Amino acid sequence: MVERHLAKVDVVSSNLIARSISHHFGNGSNPSASAEKLSANFSLLFMFVWSKLSAEKWLDAWEERFAGNPNLVVEYVKGGRSIRLQLFCETEAQAQAVAKQFGGSIRKLAKADWQKPPAAPRPIKVRDAILLTAETGAPQIKALRKAHPQRTIISIPPEMAFGTGDHVTTSTCLRMLVDIARERKNSTWTVADLGAGTGVLAIAAKHLGAGETFACDFDPFAVSVAQRNAERNGTPDIVIKEQDVLKWKPRAKGYDVVLANIFSTVLIQAWPVIAQALARNGDLVVSGILATQAWDVFKAAAANGLGFTSVVTKGKWVTARGGHMTDLITKGNAR
Ligand SMILES: C[S@@+](CC[C@H](N)C(=O)[O-])C[C@H]1O[C@@H](n2cnc3c(N)ncnc32)[C@H](O)[C@@H]1O
């Protein structure tokens with residue numbers, strides 16, 4: 001899944017610096033020679049961008065090829081008939097490997113070009129409950145609170161972790177979450193956010209009244225971004241872990257609400273874990289599903305006893321709300 005905004009080029013790039021730093025200097029325990037240090041410094045000064053133009057009709061195929069790679073940026077060009085794919089690579093060898101497979105060209109990008117501050121996206125409103133902003137300054141947040149007194153203001157600055165709210169999968173999950181929170185008002189409910197990215201869903205859940213909230217992502221960078229965002233938004237009690245969903249062993253009592261905006265391929269493999277993580281009468285919200293893959297995703301969910309009562313398609317993305325089929329059948333049309 002990619003967020004298709006020109007501004008994201010800078011977001012992606014600037015965060016690669018952080019990744020590069022943690023990759024090369026992370027544990028400080030590698031005494032290897034100055035050659036490595038040189039290469040580390042080099043990677044802090046340059047990156048390599050593989051790029052290729054393609055017809056828009058191949059977008060799905062490209063997204064599947066690069067599924068899960070957060071360093072891919074897609075822009076629409078020529079009035080939407082074509083797309084430009086760009087993959088930001090830390091090393092020239094990585095970029096060359098992609099070019100060898102798919103053609104395209106490689107360019108070297110100087111640090112100065114990729115450190116421009118990204119443009120702040122417009123505030124995003126979710127029902128009448130939430131306003132997502134990229135602003136982080138206290139005066140700006142205060143002004144937003146004053147202008148939107150009925151909304152919870154959530155500040156998620158653009159960083160490379162996915163989940164600023166401007167992708168339809170995130171915003172549709174958020175809308176479903178607001179509805180669930182309203183239905184669960186005056187009760188205590190727990191949440192697991194699987195594939196948390198920036199932590200936006202977990203943070204919103206806390207503000208909407210969730211109790212114990214767990215969030216995980218297998219990307220350590222996303223975990224640190226989510227932790228910063230949880231602090232920033234006054235929800236430091238969210239438990240945020242670096243964890244691969246596919247290897248996760250959820251606690252026996254599960255969670256009342258499970259949110260999983262991850263890719264179809266991950267969902268299909270993760271259904272047994274998700275079914276285990278979802279408490280009886282729990283609410284499940286899933287997204288990140290390409291419409292072309294939805295049938296396979298839902299069939300695999302059904303094989304694990306999970307079903308969906310609400311399916312929303314926006315563009316090519318599908319988001320669905322459901323639960324254990326046994327609970328949905330008992331509840332009938334209560335929703
Ligand atoms: C599409 S983003 C969703 C981010 C955020 N929850 C949102 O709704 O905007 C998917 C996230 O899932 C994470 N992810 C993908 N596969 C995963 C796995 N097997 N285990 C844990 N996290 C995973 C990615 O690193 C990414 O941050």
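Reader: How many helices and strands does the protein chain have?

Author: This is a predicted model. The protein chain has 12 helices and 14 strands. Of its 335 residues, 40% count as buried. Among contacts with a separation of 6 or more, 68% join residues 24 or more positions apart.

Reader: What span should helix α10 have, and how far apart are its end C-alpha atoms?

Author: Helix α10 covers residues 264-277, which is 14 residues.

Reader: Where in α10 does the kink lie?

Author: The kink, of about 60°, is at Ala270, shortly before the proline Pro272.

Reader: Which residues of α10 are buried?

Author: The general idea comes first. An α-helix has 3.6 residues a turn, so residues three or four places apart point the same way. In α10 the buried residues are Ser264, Leu267, Ala270, Val273, Ile274, Ala275 and Ala277.

Reader: What covers the buried residues of α10?

Author: The cover includes the strands β8 (191-194), β11 (255-261), β12 (278-290) and β13 (306-314), along with helix α11 (294-302).

Reader: In which sense do β13 and β14 pair?

Author: In a regular strand the side chains alternate between the two faces of the sheet. Here β13 pairs with β14 (residues 317-324) in the antiparallel sense, over eight bridges.

Reader: How many residues lie between β13 and β14 in the hairpin?

Author: Two residues lie between them, and Gly315 in the turn has a positive phi of about 60°.

Terms used: Residues numbered from 1 in each chain as written. Predicted model: local features only at pLDDT ≥ 70, side-chain atom pairs only at ≥ 80, totals over all residues. Helix = DSSP H or I, 4+ residues; strand = E, 2+ residues; numbered from the N terminus. Expected span 1.5 Å × (residues − 1). Bend = angle between axes of the 7 residues up to and from the residue. Buried ≥ 20, exposed ≤ 12 C-beta atoms within 10 Å, placed from the backbone. Contact = placed C-beta atoms within 7 Å. Pairing = 2+ DSSP bridges.
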